[in-house]
Each structure stands twice: as structure tokens, then as C-alpha cells.
Amino acid sequence: MPSKKRKVKNRKELALVASNAIRIAEVLFEGPGRGAEKKEWVVDFINEKINLPLLNENQEEKLISFLVDCLCGIINKHR
């Protein structure tokens, strides 16, 4: 049975899901030099679980990838 994607209500909700996924990836992929693995996992996780209305799958993946880069910069800046 295919899983249903959840529609996000707003940007704030998407940012919350993404930041939590980033934190999970930090635990799953410990150690230096694993940033690409973390990002790939986060992008795949969000793309699999979240539906961004008005975007096709390719656009969703690019937007999620950009969002992950931005959030990682913010999270790492505040450590």
C-alpha cells in the first residue's frame, strides 16, 4: 500500500518538518564528512512524506534541497 503524502498548510509547517528531519539525520549519520548523506536522507524523507501543492516531483525535490541547505546553515550558525 503506497503511503499518502501529507499536504503542508504553510511555510512554517514545512520548515518545522524539515528542521526536525535535519536533526534526525544528525543523529543517524554521526561523524564528520557525512553531510552529503545527511542531505540526501533529509531530501528523500521530506519528498516522500510531504506534498507541496502546485509543484511537480522534480520541482519539489529542488525546492526541498534548497530549503535543507538554508536550514542547515541556520542550525549550524546557532550551535
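Helices (H or I, at least four residues) and strands (E, at least two) are DSSP runs, numbered from the N terminus. The expected span of a helix is 1.5 Å times one less than its number of residues. The model is predicted, so local features need pLDDT of at least 70 and side-chain atom pairs count only at pLDDT 80 or more, while totals for chains, interfaces and linings use all residues. Residues are numbered from 1 along each chain as its sequence is written, and side-chain values use heavy atoms, with hydrogens and water left out.

Helix 1 comprises 18 residues (11-28) and reaches 25 Å from its first C-alpha to its last, close to the expected 26 Å. Its buried residues (under 20% relative accessible area; exposed is over 50%, partly exposed in between; 1.4 Å probe, protein chains only) are Glu 13, Leu 14, Val 17, Ala 18, Ser 19, Ala 21, Ile 22 and Ala 25. Their cover includes strand 1 (6-7), helix 2 (35-49), strand 2 (50-51) and helix 3 (57-77).

Helix 2 contains Asn 47. Leaving aside residues up to four places away in sequence, Asn 47 touches Lys 5, Glu 57, Glu 60, Glu 61 and Ile 64, contact meaning heavy atoms within 4.5 Å.

Trp 41 and Phe 45 also lie in helix 2, four residues apart, about one turn of the helix. The structure holds one aromatic pair. Trp 41 and Phe 45 form this pair, stacked at 5.2 Å centre to centre with 10° between the planes. Rings of Phe, Tyr and Trp (its six-membered ring) pair if their centres lie within 6.5 Å; planes under 30 degrees apart count as stacked, over 60 as edge-to-face and the rest as tilted.

| Residue | Relative accessibility | Class |
|---|---|---|
| Trp 41 | 25% | partly exposed |
| Phe 45 | 29% | partly exposed |
| Asn 47 | 12% | buried |
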